Amino acid sequence: MKARGKFIIGSGIIVATLLVLAYAGYTQSKTYYHTISEVATLHGAALHQRMRVSGDVAAGSIEHLDGRIDFVLEEQGKKMPVSYTGSDPLPDTFKDGAQALVEGKLMPDGHFMADQVQAKCASKYQATPGQPAAMNTGKS
Amino acid sequence: MDVFGSFALLLAFIAAVYAFSAGIAGIITRRPLLTKSARNAGMAVFGLITLAVASLEYFFFTDNFSLAYVAEHSNRALPAFYKFAALWAGQEGSLLWWSWLLSTYAFFALFLNRKKHPELMPYVGVILAGVQIFFLTLNNFVASPFHVLGGVGAGGAMHVATLSDGNGLNPLLQYPEMVIHPPMLYSGYTGFTVPFAFALAALLGRYPGEKWIHITRRWTMVAWGFQTVGILLGMHWAYAVLGWGGYWAWDPVENASLLPWITGTAFLHSVMMQEKRGMMKVWNVWLVFVTFMLCILGTMLTRSGVVSSVHAFAESSIGGWFVWFLGIILAVCLVAWYKNRDYLRSDNQLDSIVSRESSFLFNNLVLLAACFAVLWGTLFPVFSEWFTGSKISVGPPFFNKVNIPIALFLLLLTGIGPLLAWRKTSFDALKRNFAWPLAGGIAAAVVALFFGFVGFYPFMCLMLCVFVALTIQAEFYRGARVISQRDGTNLLTAAGELTMRNTRRYGGYVVHFGMVLIFIGICGTAFKQDIQKQMAPGDTLTIGPYTLVCQNFDETQNDNYTSQRATLEVFRDGKSEMMLYPSRRFFLASQVTETMVAVESSPLRDLYVVYAGRNPDTNQPVIHAYINPLVKWIWFGGIVVVLGTGLAMLPNRRAAIVLRPVAEQAWGEGVSPEAGAAVAAPIRRTDGHD
């Protein structure tokens with residue numbers, strides 16, 4: 001079956017190409033989810049990965065500085081200082097006590113540089129399915 | 001009244017269980033009366049769910065806030081249009097809506113075929129009822145939309161609480177597209193149940209030949225058409241409402257809607273292999289199975305919060321039910337296929353690599369690869385947590401890297417596939433068919449290069465788009481010229497006549513042309529620009545050919561929301577062109593803010609302006625402006641795709657009546673064997689390769 005053989009070779013080339021592309025895309029965009037307590041225990045290569053961390057915005061910690069916004073995320077007593085350097089204004093839901101999800105990289109001093117921040121309002125209304133519990137500032 | 005709705009739902013559940021069990025009993029005992037009563041029960045489900053839906057709508061329109069679902073998703077000040085749409089704003093209502101659409105399809109599938117295919121229909125009825133039982137179980141016992149607020153008071157008496165006003169509809173859904181988008185998408189998701197039921201029924205009943213494909217062709221196209229419209233409306237909604245300047249973010253919920261669309265597209269193409277050449281029988285059956293399973297998976301991803309998404313649905317317990325249901329479907333499909341696999345043996349083999357068959361095989365291969373990549377990327381956080389313990393997500397670069405080459409390859413196949421002959425194509429035929437379109441494509445790309453159309457993918461995309469458009473045009477021209485010479489009509493009339501004589505083929509070309517337009521629109525993304533600036537009155541911002549001058553800021557209020565608005569004057573070449581009013585609305589009932597984007601759309605580019613918020617230090621508004629080239633082509637292409645899909649569903653016009661024996665009829669399409677030994681059929685072009 002000559003045609004069949006050619007088809008199999010062609011398919012093999014296509015699939016191999018796609019696998020290479022998929023792997024490249026994966027390494028470029030993979031993002032790890034961590035809790036704040038996990039972040040403290042990371043070491044080696046894991047420290048330099050792109051990650052997402054969630055927590056509550058510590059009351060009174062939001063500071064507007066030139067070109068960035070600093071705040072502290074806390075979760076079960078653990079704290080992590082965050083600097084937001086993204087270009088989009090933070091969502092209106094981002095305020096003291098709100099649940100926030102930050103995405104970015106950890107600096108060697110334990111500071112988190114976020115380029116994306118999502119915030120979920122601590123609303124009196126229950127977050128039901130279909131309600132916008134999170135407002136995304138980033139293009140993700 | 002709430003009792004009325006939940007009672008109707010419960011009866012629907014009982015009817016579905018009866019249709020399922022009596023249907024099986026009817027198949028085993030071969031008693032026609034039992035089969036008939038099972039079918040009638042299956043059709044009754046539709047009436048009962050309709051009553052439940054009507055009852056829930058009645059609560060919305062009468063502002064009955066004693067019902068938890070109404071209180072959560074509506075309020076008094078909500079416009080009537082949105083009160084209607086609030087039905088599918090949340091989990092419980094969406095699932096009810098799913099059930100209703102499914103029961104509508106099931107009703108028509110059973111009703112229209114009530115006198116046909118007596119060997120096949122009992123199986124179809126049982127499978128449809130089986131799917132309905134699952135959703136009605138959710139509607140009745142897991143996520144009932146008819147829960148009342150309040151609880152059991154002293155002495156066991158029910159005590160009903162009523163709120164004075166509801167929480168209001170999610171403002172993101174208060175947009176016209178959002179009223180149409182969910183029903184469209186759900187009609188797509190549910191619609192694939194019909195071809196699934198027929199395919200599984202044909203396999204279980206070992207129903208001869210390709211009949212199930214002929215019977216379900218239009219059903220599949222209806223489902224596919226709805227899915228296409230649903231996806232495009234969703235994209236348009238994301239573009240117009242979410243305010244991030246794009247229309248597709250590879251968000252899990254978006255991906256979920258794309259998956260069955262991809263496999264459905266693969267199926268619509270690969271059935272032709274079975275009809276024409278008796279190949280790919282196993283593949284087709286599995287494509288339908290997988291498409292249906294992906295529809296269920298899509299519903300699950302949308303509704304269960306298994307994967308977090310910007311659609312941000314709360315986590316709910318409903319995911320487990322879907323996993324079980326998917327497991328059952330997979331098991332049934334595997335067993336049905338394994339026991340009847342000899343029935344699916346292929347009649348032919350691939351003859352040549354340069355043939356229509358091989359173009360379909362490659363089409364299916366890359367579509368499935370795309371589907372797999374999207375599925376893998378979407379579920380990656382779940383898989384990685386299972387296998388490595390850490391939750392890892394992949395972003396748009398992953399999806400784009402894999403899918404852009406696939407999409408371009410598909411575009412290439414769209415151009416060459418339809419012109420390749422079945423079995424084997426000669427080199428001369430290739431040259432004759434492709435020389436001019438290819439030259440045209442290259443010429444267009446070279447011209448575009450001079451206009452700054454750089455980048456490998458956009459360049460390839462433009463070249464292929466022109467190439468495909470030219471091959472389609474050539475196909476219409478070739479056929480129309482023959483008709484126009486014979487009938488003495490002009491080319492345009494002849495092209496119309498040509499289309500009506502073979503709607504499936506030429507409707508298909510129209511769909512392809514629509515896809516070309518969509519590709520051109522997507523290609524424009526490569527040339528997107530954006531700029532963000534804090535603006536005080538009098539400040540200017542320049543983007544592309546436009547200069548935006550801030551005139552004013554104001555705040556307004558009505559019953560439903562307060563609104564902050566910027567007034568921007570747009571100048572182009574020093575001339576004032578228009579005013580834009582980007583704004584942000586704060587909805588009072590739900591305490592949520594929403595962006596109202598101001599878009600000035602033209603075929604060449606959209607000027608897309610967002611009121612992004614206020615800088616808390618200076619209290620000045622931040623304006624984010626985008627230039628999105630060619631976006632309009634996507635929406636226009638979508639309309640062309642829908643028109644083409646509609647065309648392909650029309651029956652062929654009978655140009656001349658000849659008598660020919662049924663056995664020679666290439667298509668079972670619209671011709672029932674009961675009509676006799678000879679049927680009227682249109683003259684078909686012998687060189688046609690539909």
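View 1. pLDDT is the predictor's confidence in each residue, on a scale from 0 to 100. This is a predicted model, and over residues 656–690 of chain B its pLDDT stays under 50. The model still has 35 contacts beyond four places in sequence for residues 656–690. Chain B as a whole has a mean pLDDT of 85, with 91% of its residues at 70 or more. As for the scores of the model, ipTM comes out at 0.76 and pTM at 0.87.

**View 2. The hairpin of S7(B) and S8(B).** Here strand S7 (residues 561–572) of chain B runs antiparallel to strand S8 (residues 575–580) of chain B, and five bridges join the two. Pick out Leu568(B) and you'll find its bridge partner, Leu580(B), in S8(B). Two residues sit between the strands, and Asp573(B) takes a positive phi near 50° in this hairpin.

**View 3. Inside the largest nonpolar core.** This core has 192 residues, and the ones touching the most other members are Ala12(B), Val124(B), Ala201(B), Cys465(B) and Phe519(B). In soluble globular proteins, nonpolar side chains tend to be buried together.

**View 4. Zooming in on Phe519(B).** Leaving out residues up to four places away in sequence, Phe519(B) touches Leu411(B), Cys461(B) and Cys465(B). Cys465(B) and Phe519(B) are both among the core residues that touch the most other members.

Methods: Residues are numbered from 1 along each chain as its sequence is written. Chains are lettered from A and ligands numbered from 1 in the order in which they are written. This is a predicted model: local features need pLDDT of at least 70, side-chain atom pairs count only at pLDDT 80 or more; totals for chains, interfaces and linings use all residues. Two strands pair if DSSP finds at least two bridges between them. Helices (H or I, at least four residues) and strands (E, at least two) are DSSP runs, numbered from the N terminus. A nonpolar core is a set of buried Ala, Val, Leu, Ile, Met, Phe, Trp, Tyr and Cys residues joined through C-beta atoms within 7 Å. A residue is buried if 20 or more other C-beta atoms lie within 10 Å of its own, exposed if 12 or fewer, and partly exposed in between; C-beta atoms are placed from the backbone. Two residues are in contact if their C-beta atoms, placed from the backbone, lie within 7 Å.
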